[in-house]
Structure formats: C-alpha cells, structure tokens
Amino acid sequence: MSMKNLFSLAILLAFGFVACKKSGSAEQNANQDDNAAKVLAYIRELGFPADQIVERDDAYVVEEDIVFPKNMQVPVEKVKPEQYYTGSLVTAAKVVNIRLKVDASMTSMQAEIDAAINQWNTVPNCKIHWTLVTGTSYDVLMVNSNLGSGVCGQGTFPSGGNAGGTIWINKNYIAGNSFAQRSRTICHEMGHNVSFRHTNWSARGESSATAVPGVGGTDASSIMNGGQCGSGATVLSTKDKQAAAVLYPL
Ligand SMILES: [Zn+2]
C-alpha cells in the first residue's frame, strides 16, 4: 500500500470511528426513548388515562404510588380488564425467594420491614416468600425517598416474571405514624411489587383492574386499599390472603 493510500485509510478509519461512535450513542438514546414509549403504551393499555400519568426523568408514576421505570421490560401478554392485580405475575420459581435488599437509608425501620415480611410470608397456602439479603444480588431494593406530602410510599409492578424492582418509602413523612401504620405502608407497597392493584380502584376512579379469580369485589379491610396512608388496615385481610393464595398457590 502506498503512503498516500495508507494516509487515506487512516483518515477513513478515524472518520469511520467517529461516525460509528456518534451513531452508537444516538442509537442508544433512540432505544431508550423507544422503550419509554413502549412503557407509556403499556400503561395506557392497562387503562390509566393520560391525565393520571405523571412523567419523571426515569419513570412514569400513576395513582400516586405505582412507578413504571422507563427502562422496564414491558410484559408481552395482553392484560384483561376485571382482591385485583395487574395480570402480570412473578414466576413460580422466583416468588418463593424474593430477595429484598434494604438500603442503608431504610435500616432504621428494619423492625417495621420485618413485620411486613412476616405478614406476606405467613399467608396460608401461598408461595410468596420474601428473603432479606445484604449482598449485591437482589430482586427488590427498598429505599428511603422524599415523595412529598400525602404519599407514604411507592411500589413497582412485576415485569418479565420478576417482582417489581424498587420500593420507595417516604420515611420522614410516615415517621409520625404508629408502628403498625408504618409497617402497613411497607406491606402495601410490597403487595404492588408482587402485582396487587388497589382493592378500592373503582371507588378511587382508577383504571380497571383484573379481579383475582373468585376473590373480586370491594373489601374495606384490605391492606391493598389505596389512599389510606396512615389510616388504613394494618394486617392482610382474609380476602387479601385468599387472593395471594389464588395468584401464588403453594
Ligand atoms: Zn398503593
């Protein structure tokens, strides 16, 4: 190869590299936007009207305490509108060992978290089992977050067969509540992360939810009633437990 050709090749490679790098990052951004659009479409498909969807940098929030990360894996199966759930479950293999990591910001409420875990882990005939872990491998991270006034916590629905990945607790906001109410908030958000919707979705004007077969209808005692921060049921109701056993039978 002549010196001139070699020079041309070097120029070509240099430009090619720059061009490649540029289109690579543009492609990445496009993919991220693409997935966010899919997540938004999925939320609409679940029936949430546009005016109930609040956009954040990294996520969409609906009904105040349910978060859809923009990078979440959108479930492939279609959701049918009819205690209530999203129609998307944690796989049988994963629900028996949902590894919960408590961020350092939340360890001051470890006793409340332990009580909430105990409620889910002792539902009769039900496979749901939460396990506390401390390492870098986990399924769900529970973290303190200032969610403003009126919102006790936020959860995430399951996707891709995994439990929702994050639970945010408004620790300072619920600090003045009773122990039982603080633990209720944690237990309630954990319910979202295994697919439970608000039992009182209809009364709250929320989007239609899928009824758990044989366990639909309203339930004033349900811990999954929404909008009851600091005042709601503090233990899983009989129907909550029945619903959990139907969705995740032992
Ligand atoms: Zn909720």
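I began with Arg204, which counts as partly exposed because its relative accessibility is 32%; buried means under 20% relative accessible area, exposed over 50%, and partly exposed in between (1.4 Å probe, protein chains only). This is a predicted model, where local features need pLDDT of at least 70, side-chain atom pairs count only at pLDDT 80 or more, and totals for chains, interfaces and linings use all residues. Residues are numbered from 1 along each chain as its sequence is written, and side-chain values use heavy atoms, with hydrogens and water left out.

**Salt bridges.** I took a salt bridge as a side-chain nitrogen of Lys or Arg within 4 Å of a carboxyl oxygen of Asp or Glu. That rule gives five salt bridges. Arg204 pairs with Glu206, with the closest N and O atoms 2.5 Å apart; Glu206 is buried, at a relative accessible area of 8%. Next I looked at Arg182 and Glu112, whose side chains meet at 2.7 Å, N to O. Arg182 sits in helix H5 and Glu112 in helix H3, 70 residues apart. Both Arg182 and Glu112 are buried.

**Sheet.** I used DSSP runs for helices (H or I, at least four residues) and strands (E, at least two), numbered from the N terminus. Two strands pair if DSSP finds at least two bridges between them. Eight strands form an open, mixed sheet in the order E1-E2-E3-E8-E9-E7-E5-E6. Its edge strands are E1 (53-55) and E6 (130-133), each pairing on one side only. E5 (residues 98-102) runs parallel to E6, joined by four bridges, and Leu100 has Leu132 as its bridge partner in E6.

**Core.** I defined a nonpolar core as a set of buried Ala, Val, Leu, Ile, Met, Phe, Trp, Tyr and Cys residues joined through side-chain atoms within 4.5 Å. The largest has 38 residues, and Trp120, Ile128, Trp130, Met142, Met190 and Phe196 touch the most other members. A second, separate core of 13 residues includes Ala36, Ile53, Ile66 and Phe68.

His188 and His192 are separated by about one helical turn because they are four residues apart in helix H5. Both His188 and His192 are buried.
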